[in-house]
Amino acid sequence: MKAPASAPTPGSAEGPHEPRWLTDEEQRVWRSFMEGVTLLDDHLDRQLQRDAGMPHVYYGLLVKLAEAPRRQLRMTELAMLAKITRSRLSHAIARLEKNGWVRREDCPDDKRGQFAVLTDQGYEVLRQTAPGHVEAVRQAVFDRLSPQQQKSLGEIMRIVAEGLQPTEAGADLPWLR
């Protein structure tokens with residue numbers, strides 16, 4: 001956000017509570033980032049809705065389950081891996097259960113815990129959908145970037161993600177809500 005017309009210019013010392021306004025260059029970078037993320041998410045959602053009748057977040061859940069031992073994860077761990085709230089995960093798993101792609105199982109050692117388990121039908125949907133999805137990702141991102149840009153993007157996003165996942169007790173993270 002740019003400083004309002006009546007506000008001090010970015011970088012001016014107006015007091016300890018004055019926001020650190022973005023410079024024109026930072027504003028350009030931020031807006032480009034947000035436009036890119038929004039358009040990429042929409043592009044991948046449309047591809048997955050067209051090819052498999054599911055949003056991108058559901059596809060991500062199926063991938064995480066497919067990669068897990070015995071194709072199952074505790075619901076709390078799946079929420080953490082997917083970076084979503086437990087409520088959103090519960091809703092998504094209910095929809096995936098309705099399609100027959102996932103089932104829930106109680107944890108034998110924890111009466112309150114549940115596993116999300118990828119079914120054979122869910123695995124088959126994922127197997128059939130993956131080629132089109134990886135092509136959409138490749139065309140939208142990797143084919144547009146040089147190898148050095150790809151490396152830089154990975155490093156930048158790792159730093160951003162790490163900075164947004166504090167490890168102290170009481171951290172406000174989606175999967176803890």
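Predicted model: local features only at pLDDT ≥ 70, side-chain atom pairs only at ≥ 80, totals over all residues.
Residues are numbered from 1 along each chain as its sequence is written, and side-chain values use heavy atoms, leaving out hydrogens and water. Local features need pLDDT of at least 70, side-chain atom pairs count only at pLDDT 80 or more, and totals for chains, interfaces and linings use all residues.

**Core**

The largest nonpolar core has 28 residues. Such a core is a set of buried Ala, Val, Leu, Ile, Met, Phe, Trp, Tyr and Cys residues joined through side-chain atoms within 4.5 Å. Buried means under 20% relative accessible area, exposed over 50%, partly exposed in between (1.4 Å probe, protein chains only). Met54, Leu61, Leu62, Leu78, Leu89, Ile93 and Leu96 touch the most other members.

Helices (H or I, at least four residues) and strands (E, at least two) are DSSP runs, numbered from the N terminus.

Helix 2 gives the most, with five residues.

**Helix 3**

Met75, Leu78, Ala79 and Ala82 are the buried residues of helix 3. They lie on the same side of the helix because they cover an arc of only 100° around the axis, taken from the directions from the helix axis to the C-beta atoms. These residues pack against helix 2, strand 1 (72-74), helix 4, strand 2 (102-107) and strand 3. Contact means heavy atoms within 4.5 Å. Not counting residues up to four places away in sequence, Leu78 touches Leu61, Lys64, Leu65, Leu73, Leu89, Ile93 and Ala116. Lys83 follows helix 3, with a positive phi near 60°.

**Strand pair**

Strands 2 and 3 run antiparallel, joined by six bridges. Two strands pair if DSSP finds at least two bridges between them. Glu105 has Phe115 of strand 3 as its bridge partner. A hairpin links the two strands through two residues.

**Ala140**

Ala140 lies in helix 5. Its relative accessible area is 22%, so Ala140 is partly exposed. Ala140 and Leu40 are 100 residues apart in sequence, yet 7.1 Å apart in space, C-alpha to C-alpha.
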